[in-house]
Amino acid sequence: MKLKTYLAALDVASLATPANFGYGSAICRRNAVELISEHETEVEAWAGGLDGTVKEGGGSRRRVHLYLKDGKLQHHCTGNPKHHDIFCKHCVAVALYLQKN
Ligand SMILES: [Zn+2]
């Protein structure tokens, strides 16, 4: 399955906390997602780097890796600690971007 096909049917909000979903939505809405590489089952992108409050999508720019492995969505953000790889606001922003583009 292609990553975009998987994402099209995905409820991104179900993967993140309500706060991170809101922050990530703001990052995406303000066009602060930039693709680095895009393949059928794998995408790398920058997300963030905006001014303003966290609620407005403000914060550091991070590199996000989304990919499918055994039919399941995997994620990694360089802003997350090694053993605490949550679906953070940057992951939310990239996932939403891919649903819309
Ligand atoms: Zn992050």
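Through how many residues does a hairpin join E1 to E2? The hairpin joins E1 to E2 through two residues. This is a predicted model, in which local features need pLDDT of at least 70, side-chain atom pairs count only at pLDDT 80 or more, and totals for chains, interfaces and linings use all residues. Residues are numbered from 1 along each chain as its sequence is written.

**Overall architecture**
- The protein has three helices and four strands (DSSP runs numbered from the N terminus: helices are H or I, at least four residues; strands are E, at least two).
- From the N terminus on, the order of these elements is α-α-β-β-β-β-α.
- Along the principal axes, the C-alpha atoms of the protein fill a box of roughly 40 × 30 × 25 Å.

**Strands E1 and E2**
- Strand E1 (residues 33-39) and strand E2 (residues 42-48) run antiparallel and are joined by six bridges; strands pair if DSSP finds at least two bridges between them.
- Valine 33 has alanine 47 in E2 as its bridge partner.

**Helices H2 and H3**
- Helix H2 (residues 18-29) packs against helix H3 (residues 89-100) at an angle of about 50°, and their axes are 7 Å apart (axes are lines fitted to C-alpha atoms, for helices over the stretch in contact; angles run from 0 to 180 degrees between N-to-C directions).
- This angle makes H2 oblique to H3 (under 35 degrees counts as roughly parallel, over 145 as roughly antiparallel, 65 to 115 as roughly perpendicular and the rest as oblique).
- Among the residues of H2 that meet H3 are Phe21 and Ile27, and the H3 residues include Val92 and Leu96 (contact requires C-beta atoms, placed from the backbone, within 7 Å).

Note on methods: Contact = placed C-beta atoms within 7 Å.
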